[in-house]
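Have the sequence and the model open side by side as you read.

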Amino acid sequence: MAKNYAALAKDVVSALGGKDNIVAVTHCMTRLRFVLQDESAIDSATLKSISGVLGVVRNDNQCQVIIGNTVSQAYREVVNLLPAGMRPAEPQGPQKLTLRRIGAGVLDALIGTMSPLIPAIIGGSMVKLLAMILEMTGVLTKGAPTLTILTVIGDGAFFFLPLMVAASAAVKFKTNMSLAIAIAGVLVHPSFIELMAKATQGEHVEFAFIPVTAVKYTYTVIPALVMTWCLSYIERWVDKITPAVTKNFLKPMLIVLIAAPLAILLIGPIGIWIGTAISALVYTVHDYLGWLSVAIMGALWPLLVMTGMHRVFTPTIIQTIAETGKEGMVMPSEIGANLSLGGSSLAVAWKTKNPELRQTALAAAASAIMAGISEPALYGVAIRLKRPLIASLISGFICGAIAGMAGLASHSMAAPGLFTSVQFFDPANPMTIVWVFGVMALAVVLSFVLTLILGFEDIPVEDEAEKARALQAAPVPAQEARA
């Protein structure tokens, strides 16, 4: 039965304290992401009980409402409820600076910036994968114009990633988008790339007598993100010091003259070092633990998704694929994690006596197994019933171990599922596709069996007769008794 997204949106907005309490709203693959003016205005019990809401994640003044694969339809209805141009006031007064708040702020900035870019990154990576397969199978020869154009189409989202990050971050940090894109554009300008290539070869490069660090910014995330955050402060400061009569020309000129050199000389290199350090840490663990690191990640992945921490790995995955052509720790672990949640949902659909839960579980299983979108299964079934989550974690660990031992690696960052399994195919080792399908099949079967063994407390069906008896047993109001 089709959902009434208009009613769903109305109920969600109401439970969040009304439209005046909503500062901003965006959405990712499965979640509506709200920034709220007053967190205390949220009616959590009502929000979680709304039909169509699979789960709720709260963090400071943010609230994420999990809808599932049809989140875009709910998003459109939510936006329709918010008057055009409405800008609710930001929370007032200084907020105490704590490590938790700093960590939440960094995570929020990363997730808020990267989430809108995921479709373009997935689309580009899958086109690159298509080009690779067409060349490998001999359909297109190396150097063919069609193959070149396909490769360029697939590579566009990666090569110009700093521009996309700058545009998305400008929205997040409420700064001028065109200035953010222009400054990020300096980092990927052909002349600047050529200059950095010379610096890499040992040629001395300086700007205003200050040495410039040789850095390649294409395919990177952190430098543009940090640069745009700094830009939001630079823009406000320049706005204060420039006379009103000169703002049309002097203000943008000063912003660019301050922000661009700062990005080249300081922010860019620091951003690269941060990104490199994070990647080095992740893959040092992988090198040290080997297949065990993939197994651990396979068990932890659903828990990371629950907290939103899984998005922390997005820049690392992008940069690793861009530099080496594949990623062999995080993406392989998702195979078992995603399909295990799908298998557990299938077991719930098989065993439950509740028609509504069966429908939810079947849809969630299809989403996780076919498309690799596991959040409907995670929030709509696993967390709700608890024991299926335990079965999924056990299965994810075992399947992650096998994927790690098989040396599986992804050439794309699309969510692992049957439809996207080709991303793990290695032309140099045709057996990889056999291993991928084997791990997928094991994940579904193992989690299915474990869920049936562990069992779960079924959600009872509310019988109409029981409802009628409950109404009859309810106390009669005094006014009705007198009547």
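In which kind of crossing does α14 pass α18? The crossing is right-handed, meaning that the near helix is turned clockwise from the far one by less than a right angle. This is a predicted model, in which local features need pLDDT of at least 70 and side-chain atom pairs count only at pLDDT 80 or more, while totals for chains, interfaces and linings use all residues. Residues are numbered from 1 along each chain as its sequence is written, and side-chain values use heavy atoms, with hydrogens and water left out.

**The helix pair**
- Helix α14 covers residues 330–351 and helix α18 residues 432–454, as DSSP runs (H or I, at least four residues) numbered from the N terminus.
- Their axes, lines fitted to C-alpha atoms over the stretch in contact, are 7 Å apart at an angle of about 40°.

**Glu334**
- Glu334 sits in α14 and is buried at 8% relative accessibility (under 20% relative accessible area, 1.4 Å probe, protein chains only).
- Beyond its neighbours within four places in sequence, Glu334 contacts Trp301 and Pro416.

**Cys28**
- An unreviewed UniProt entry lists Cys28 under "active site"; such annotations may be inferred rather than shown by experiment.
- Cys28 is buried, with a relative accessible area of 7%.
- Not counting residues up to four places away in sequence, Cys28 touches Arg33, Val71 and Ser115.

Methods
Buried means under 20% relative accessible area, exposed over 50%, partly exposed in between (1.4 Å probe, protein chains only). Contact means heavy atoms within 4.5 Å. Helices (H or I, at least four residues) and strands (E, at least two) are DSSP runs, numbered from the N terminus. Axes are lines fitted to C-alpha atoms, for helices over the stretch in contact, and angles run from 0 to 180 degrees between N-to-C directions.
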